[in-house]
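Morning, everyone. Today I want to talk about charged side chains and how they pair up. Here is the structure.

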Amino acid sequence: MSENCSKKWYIIVNPHAGSGKTISKWKKAEKCFREKGLDYVSVETCGPGHAEELAAAALDEGYRNLAAVGGDGTVHELFCGLMHWYESRPAGSVHLQDIAIAVIPIGSGNDWIKTHKVPRDIDRVADLMKSSSFHLQDVVRVSRVETRDPQEAAVAPAIRTDYMLNVAGVGFDSRICAIVNEQKRLGKTGSSLYLKALLKVIANFYSFPVEIWADGKLFFSGDCFSIAFGTGQYSGGGMRQVPDAVVDDLKLDMMVVPRLPIPLLLSKLRHLFTGKLSSVKELLFAKCSSIVVLPAAQEQNPEVVEIDGETIGSVPVRLEVLPEQIRVLSCLE
């Protein structure tokens with residue numbers, strides 16, 4: 001592995017993030033990086049999924065500092081590519097803590113960096129990258145499985161594997177993401193997308209039957225409106241569904257909204273943004289290392305799962321906190 005590569009930043013630029021405005025902003029950011037003497041190379045993505053391929057190729061070449069220019073979707077792709085590469089290596093040949101990731105916040109969605117207190121200021125981000133201002137972050141493996149048996153689902157082979165850095169959800173959260181992503185595909189932008197999607201989902205609120213197993217024990221069974229999981233605190237343009245999540249405690253925070261009267265839920269809606277959601281006694285909260293979410297046996301249209309703003313298919317799904325942590329650009333002490 002080249003020593004030069006291991007210290008240089010490999011920056012993956014999504015020119016389509018921010019509805020195509022990212023590339024012009026990136027050119028201005030590059031000027032800042034050059035003036036500050038940041039050692040880096042950059043490459044642009046060609047389409048969906050390309051950031052995953054680029055991240056894996058960069059790691060093969062010896063790069064160990066990877067950054068994404070764009071929003072949460074670009075970071076998610078980079079991270080999944082990194083983790084698929086890492087988990088395919090022989091055990092002990094690579095240490096996850098030798099790898100660092102960062103986001104250069106130019107895209108339309110940057111919820112993850114809020115937990116790490118990274119500013120939306122390119123000049124300051126460049127300083128953080130140059131000074132290697134890192135903090136350890138938990139990593140969550142998310143596996144879609146076919147079986148609806150809870151014991152089998154805890155160990156069943158995955159039909160699809162993704163990785164989570166921030167927040168995932170089933171129901172309320174995933175419906176919002178599906179609407180927002182469709183609006184973005186149509187060229188619409190702005191933080192109001194999340195608010196409009198939130199209001200649309202609320203107007204068409206419905207519950208769904210699930211079983212939730214936490215650390216091998218039945219945590220919830222019945223109808224619910226939403227399930228959220230997080231190592232970070234912010235999602236959906238500022239919502240705080242798991243306000244007590246800690247990025248480095250090797251635990252996954254979970255919040256369940258059981259079926260409740262709609263007027264009651266609406267009266268508590270403000271707490272989604274104030275960080276006081278855990279004070280709502282009707283909601284269920286847990287911190288655990290592994291979670292399995294199963295649709296009810298009779299459910300024919302299982303709910304969709306989203307991870308860091310990207311939908312990945314439907315439940316059944318298994319979430320596991322890995323024992324290894326990764327370094328991320330951060331202002332946390």
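Start with R160. At 36% relative accessibility, R160 is partly exposed. That label covers values between buried, under 20% relative accessible area, and exposed, over 50%, with a 1.4 Å probe and protein chains only. The partner of R160 is D162, and the two side chains form a salt bridge at 2.7 Å, N to O. By salt bridge I mean a side-chain nitrogen of Lys or Arg within 4 Å of a carboxyl oxygen of Asp or Glu. D162 has 4% relative accessibility, so D162 counts as buried.

A word on the source. This is a predicted model, where local features need pLDDT of at least 70, side-chain atom pairs count only at pLDDT 80 or more, and totals for chains, interfaces and linings use all residues. Residues are numbered from 1 along each chain as its sequence is written, and side-chain values use heavy atoms, with hydrogens and water left out.

Next pair. D111 bridges to K114, with the closest N and O atoms 3.2 Å apart. Buried or exposed, D111? Buried, because its relative accessibility is 3%. K114 comes out partly exposed, at 37%.

Now R259 and D223. Their salt bridge has its closest N and O atoms 3.5 Å apart. This pair links distant parts of the chain, 36 residues apart. R259 is exposed at 56% relative accessible area, while D223 is partly exposed at 29%.

Last, a network. E87, R141, R318 and E320 are joined by salt bridges that share partners. How many salt bridges does the structure hold? The count is 13.

Key. Helices (H or I, at least four residues) and strands (E, at least two) are DSSP runs, numbered from the N terminus.
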